[in-house]
Amino acid sequence: KGFGSRRAPQSAAGRPSLGGFRGDLGTMSTTEVKLFGRWSYEDVMVSDLSLTDYIAVGKNAHTFLPHTQGRYQKKAFRKAFCPIVERLCCSMMMHG
């Protein structure tokens, strides 16, 4: 057997196995984006008019996981497009 012969484990039905995951996959909605599949973004709003350009809470900032691996520091003011939840999580991961 060579390098390309390794295959994903198959279930009894012939579909790829999820590696021991026993969760219910049918409960997630495909129309509503929720953070970690649990918290909705509909109540998140910025009431200060001067901060609306710098805190991203719009439809483009809605993600399932707060780690998009985006390069928001390459150009000036691009950090404003980074989702606010991702900025919070990244700042919590910093030392100190």
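Mentor: A residue is called buried under 20% relative accessible area, exposed over 50%, and partly exposed in between (1.4 Å probe, protein chains only). The model is predicted, so local features need pLDDT of at least 70 and side-chain atom pairs count only at pLDDT 80 or more, while totals for chains, interfaces and linings use all residues. Residues are numbered from 1 along each chain as its sequence is written, and side-chain values use heavy atoms, with hydrogens and water left out.

Trainee: How does Asp48 count on that scale, and why?

Mentor: Asp48 counts as partly exposed because its relative accessibility is 39%.

Trainee: With which side chain does the side chain of Asp48 make a polar contact?

Mentor: A polar contact is a pair of N or O atoms within 3.5 Å; within protein, one must be able to donate a hydrogen and the other to accept it, and residues adjacent in sequence count only if both atoms are side-chain atoms. Here the partner is the side chain of Ser50, at 3.2 Å.

Trainee: Which residues form an aromatic pair, and in what geometry?

Mentor: Rings of Phe, Tyr and Trp (its six-membered ring) pair if their centres lie within 6.5 Å; planes under 30 degrees apart count as stacked, over 60 as edge-to-face and the rest as tilted. The count comes to 1 aromatic pair. Phe36 and Trp39 form an edge-to-face pair, 6.5 Å centre to centre with 85° between the planes.

Trainee: Are Phe36 and Trp39 buried or partly exposed?

Mentor: Phe36 is partly exposed because its relative accessible area is 46%, and Trp39 is likewise partly exposed, at 48%.
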